[in-house]
Amino acid sequence: MISAELFRNFLTIYREGSVSSAARSRHLTQSAISQQLSNLEEMIGAPLFQRTVRGMIPTSRGKSLYDQVFESIDKLDQVSRVILNHADPKAPDRSSAPIRI
């Protein structure tokens with residue numbers, strides 16, 4: 001099974017257009033994001049981006065994967081935010097706050 005984190009990182013690279021921007025956005029190192037992308041590409045068996053000096057350009061397989069996963073991952077993240085914000089969808093994002101039981 002492929003981790004949701006790999007999909008989140010893929011989506012962020014896709015949306016940001018570069019590994020370095022995605023790393024900043026996800027609060028990870030550039031090498032961590034790159035390694036996770038390589039792992040995902042290896043699992044899928046195809047490159048997801050064409051690497052250029054101007055950034056990351058999605059391949060046809062990358063575009064297809066984005067279309068398949070973006071809605072589900074976005075919904076999962078929304079549910080996580082609601083739970084962490086004590087069921088108030090309009091509350092500010094507290095996804096890094098600890099959960100108290």
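Does Glu 41 belong with the buried or the exposed residues, or put simply: which is Glu 41, buried or exposed? Glu 41 counts as buried, because its relative accessibility is 11%. Buried means under 20% relative accessible area, exposed means over 50%, and partly exposed lies in between, with a 1.4 Å probe and protein chains only.

A word on the model. It is predicted, with local features needing pLDDT of at least 70 and side-chain atom pairs counting only at pLDDT 80 or more, while totals for chains, interfaces and linings use all residues. Residues are numbered from 1 along each chain as its sequence is written, and side-chain values use heavy atoms, leaving out hydrogens and water.

Now the layout. The protein chain has 4 helices and 2 strands. Read from the N terminus, the order is α-α-α-β-β-α. Helices (H or I, at least four residues) and strands (E, at least two) are DSSP runs, numbered from the N terminus. The chain has 101 residues, and 29% of them count as buried. Take the contacts between residues at least 6 apart in sequence: 42% join residues at least 24 apart. Contact here means heavy atoms within 4.5 Å.

Back to Glu 41. It sits in helix H3. Setting aside neighbours within four places in sequence, Glu 41 is in contact with Ala 46, Pro 47, Leu 48, Phe 49 and Arg 51. Follow Leu 48 next. Not counting residues up to four places away in sequence, Leu 48 touches residues including Phe 10, Leu 37, Ile 57, Pro 58 and Leu 65.

Nonpolar side chains tend to be buried together in soluble globular proteins. A nonpolar core is a set of buried Ala, Val, Leu, Ile, Met, Phe, Trp, Tyr and Cys residues joined through side-chain atoms within 4.5 Å. The largest one here has 18 residues, and Phe 10, Ile 13, Leu 40, Leu 48, Phe 49 and Leu 65 touch the most other members. H1, H2, H3 and helix H4 (60–84) each supply at least two residues of this core. H1 gives the most, with 5 residues.

So how does H1 pack against H4? The angle is about 115 degrees, and the axes are 9 Å apart. That makes H1 roughly perpendicular to H4. Axes are lines fitted to C-alpha atoms, for helices over the stretch in contact, and angles run from 0 to 180 degrees between N-to-C directions. Under 35 degrees is roughly parallel, over 145 roughly antiparallel, 65 to 115 roughly perpendicular, and the rest oblique. The H1 and H4 contact has 11 nonpolar, 1 polar and 5 charged residues. Ala, Val, Leu, Ile, Met, Phe, Trp, Tyr, Cys and Pro count as nonpolar, Asp, Glu, Lys and Arg as charged, and the others, Gly among them, as polar.

Last, H2. H1 and H2 pack at about 125 degrees, with axes 8 Å apart. That makes H1 oblique to H2. On the H1 side, the contact includes Glu 5, Arg 8 and Thr 12; on the H2 side, Val 19, Ser 21 and Ala 22 are among the residues. By class, it has 3 nonpolar, 4 polar and 4 charged residues. The buried residues of H2 (19–26) are Val 19, Ser 21, Ala 22 and Ala 23. Their cover includes H1 (4–16), H3 (30–44) and strand S2 (55–58). Just after H2, His 27 takes a positive phi of about 60 degrees.
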